[in-house]
Amino acid sequence: MPNTPSLTSPPPLTSPRLPLPSAAAGHAEGVSNDEFRAAMSRLASGVVLVTAQEPPLDPDDPQAPRGEDVGMTATAFMSVSLDPPLVLVSLREGSRMDDLLDEQPLWGVSVLSESQRHIAGRFAMKGRVSDRLLFADIPYRRGEASGVPLVGGALATLECRTEQRVAAGDHTLVIGRVLTASLPSADGGPLAYFKGRYRQLG
């Protein structure tokens, strides 16, 4: 008896299943936290000090004590737009600066020079002392538009007002409109951050 074709349908074609990343990988795409951190450390960036001031204890009383100055070293800072002038800083979600800028729209940025590595390190410390002590021996002036400390001798200083806050993973992207911009110091090169260390160009 001759062979006859089967009337049953062939099994459906399937693509090979890709292995799921382990829990240790950290991300659904399979990139671990360490791999991502190592790759991004190869991107050189400038170093800035972001500053803001806590609101007074009693906003309705002009004689009430002024709130404490707060500072934070940041390397995730960039310009966004020329017209209007906008900048962006990335803050760890739930950090003191993130919480403060959620209620205080005015803040400042000091672009640090290569000679100001000690300032960057001081404001990046974990478990640090009060910000009042950190500012104690640093020369600064108060911004005319914001009242926040702007570091003396910085390559550039900006005063900003928050325009938008965007949640992005474990960080908050704060976009600010630049209210003032100045160049306190024309000397020295920029302080850079590369492969987990502060560095000088050249």
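Trainee: Which residue is the bridge partner of Val-50 in β6?

Mentor: This is a predicted model, in which local features need pLDDT of at least 70, side-chain atom pairs count only at pLDDT 80 or more, and totals for chains, interfaces and linings use all residues. Residues are numbered from 1 along each chain as its sequence is written, and side-chain values use heavy atoms, with hydrogens and water left out. Strands are DSSP runs (E, at least two residues; helices are H or I, at least four), numbered from the N terminus. Four bridges join β2 (residues 48-53) to the antiparallel strand β6 (residues 106-111), and the partner of Val-50 there is Val-109.

Trainee: In what order do the seven strands of the open sheet stand?

Mentor: Two strands pair if DSSP finds at least two bridges between them. Six bridges join β6 to β9 (residues 156-168), and 11 join β9 to β10 (residues 171-182). The pairing is antiparallel, and the order is β3-β2-β6-β9-β10-β5-β4.

Trainee: Which are the edge strands?

Mentor: An edge strand here pairs on one side only. The two are β3 (69-74) and β4.

Trainee: Which residues does the cis peptide bond join?

Mentor: Most peptide bonds are trans. With omega about 5 degrees, the cis bond joins Asp-83 and Pro-84.
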